[in-house]
Amino acid sequence: MNIGITVYPTYGGSGIVGSELGRELAARGHNVHFISSVLPTRVTELNDRVHFHEVEMMSYPLFEHQPYDLALATKMATVARAEKLDLLHVHYAIPHSISAILARESIKEKRYVPVITTLHGTDITLVGADRSYLPITRYGLQQSDGVTAVSKFLKRATIETFDFDDIEVIPNFICPGQYSRLTDSPLRDELSPHGEKLLVHVSNFRQVKRPADCVEILANVRQNGEKARLVMVGDGPERAAVAYRAEQLGVKDETIFVGKRENIANYLGVSDIFLLPSELESFGLAALEAQACELPVIATRIGGIPEVVNDGESGFLSDVGDVQKMSADTLRLIQDEEMRRAFGVKGRELAIQKYSTDMIIPHYISFYEKVLHETGKRTSSLSASNASGTQER
Ligand code: GMT
């Protein structure tokens, strides 16, 4: 198949999932065309199966804000025709599905290119549900030829907010070979020079992630006599506030901000416990990646997290903001090595059993085939009833 993929290239889990999906599809013999403003973060290599088409923006004094959505739609339509795309798969509903639908409609007399929209979370729960975007998000769902969501939770949330239920749940995934526990690494010595236990958090430091809860947990753990340190991977709007809170709590020197990193698996691999105190998480890709590295997870019982983390088996779940319980659970895991190891092993087992690329990528492919079959039937009956209709296929 020739597949066009659009993601937010620099920010967040949806970009990671879309990029990794493209790479995995190419490895299975499909041609992938990324269409976005810059090369997506995890797309490290372009070759004869992985292509990149940059969305070019015209600057004009009249435009106070550049109309990216229209430039994207134009690029999608151009690439769809030039590369004979079979489908456009967009990640994050706003504005990607709207741009894709516009692209599809603008060329449909020549070639019908189905649009598949994958919902990732905040595109539905925060942005899409906002009254300024709700009607256009609903339109994007209704007009897509196929819609997937990354968790059962997100499917339910979409049904509730948008009264739209034709959704296939296809979860986030990991390639097991890319994640492992790294027992003997210089990075471990660097982060834990005196053998301290390492807590780790990975996110884009937005409010919804509640990153300040991580330093509260660290402070509580240290007050109980455990010499732990906290590794904060990523960057975003809350970073300065978190650093200030660490200073207030007297754990500034034990909180290490390493910034945005490409080698997240290395930081997870050398750590001991993963913290994800989010207020909302439609799936929790970072928790899945942590489990794949055999890290027990301390997280909140919200959104799709209970679908990923088994409470009492691969981690401990708490109510949002219940820092006391999260601290107590972290302490338990620090002090009980046997439990920590058992949780780690179970976490990796669950990650591989339920979310490995070997299971999830074929699920995407069969969904593509289903959508192509259905739209093919629809468009051929349309062109039969309309003698002037042309199909470029
Ligand atoms: O919040 C983020 O980390 C970014 C956001 C995105 O859409 O880029 O992530 C969402 O998509 C991920 C991949 O499907 C999910 O694993 C995250 O749970 C989800 N984040 C939220 O729902 C807050």
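## Salt bridges and a helix pair in a predicted model

Glu20 and Arg42 are both buried, a term that denotes under 20% relative accessible area, with exposed meaning over 50% and partly exposed in between (1.4 Å probe, protein chains only). The model is predicted, local features need pLDDT of at least 70, side-chain atom pairs count only at pLDDT 80 or more, and totals for chains, interfaces and linings use all residues. Residues are numbered from 1 along each chain as its sequence is written, and side-chain values use heavy atoms, with hydrogens and water left out.

### Salt bridges

A salt bridge is a side-chain nitrogen of Lys or Arg within 4 Å of a carboxyl oxygen of Asp or Glu. By this rule the count is 21. Three of these pairs are tabulated here.

| Pair | N to O separation |
|---|---|
| Glu20 and Arg42 | 2.8 Å |
| Glu216 and Arg245 | 2.5 Å |
| Arg341 and Glu294 | 2.7 Å |

Helices (H or I, at least four residues) and strands (E, at least two) are DSSP runs, numbered from the N terminus.

The salt bridge between Glu216 and Arg245 links helix α8 (residues 212–223) with helix α9 (residues 239–248), the two residues being 29 apart. Arg245 is partly exposed, at a relative accessible area of 27%.

For the salt bridge of Arg341 with Glu294, the former residue is in helix α14 and the latter in the loop between α11 (285–292) and β12 (297–300), so parts 47 residues apart in sequence are tied together. Arg341 is partly exposed, with a relative accessible area of 22%.

### Helices α13 and α14

The axes of α13 (residues 323–335) and α14 (residues 337–355) come within 5 Å and cross at roughly 100°. Axes are lines fitted to C-alpha atoms, for helices over the stretch in contact, with angles running from 0 to 180 degrees between N-to-C directions. In the contact (heavy atoms within 4.5 Å), Arg332, Leu333, Ile334 and Gln335 of α13 meet Glu337, Met339, Arg340 and Phe343 of α14.

### Ser97

Ser97 lies in helix α3 (residues 96–107) and is buried, with a relative accessible area of 2%. Beyond its neighbours within four places in sequence, Ser97 contacts Val90, Tyr92, Thr117, Gly140 and Ser144.
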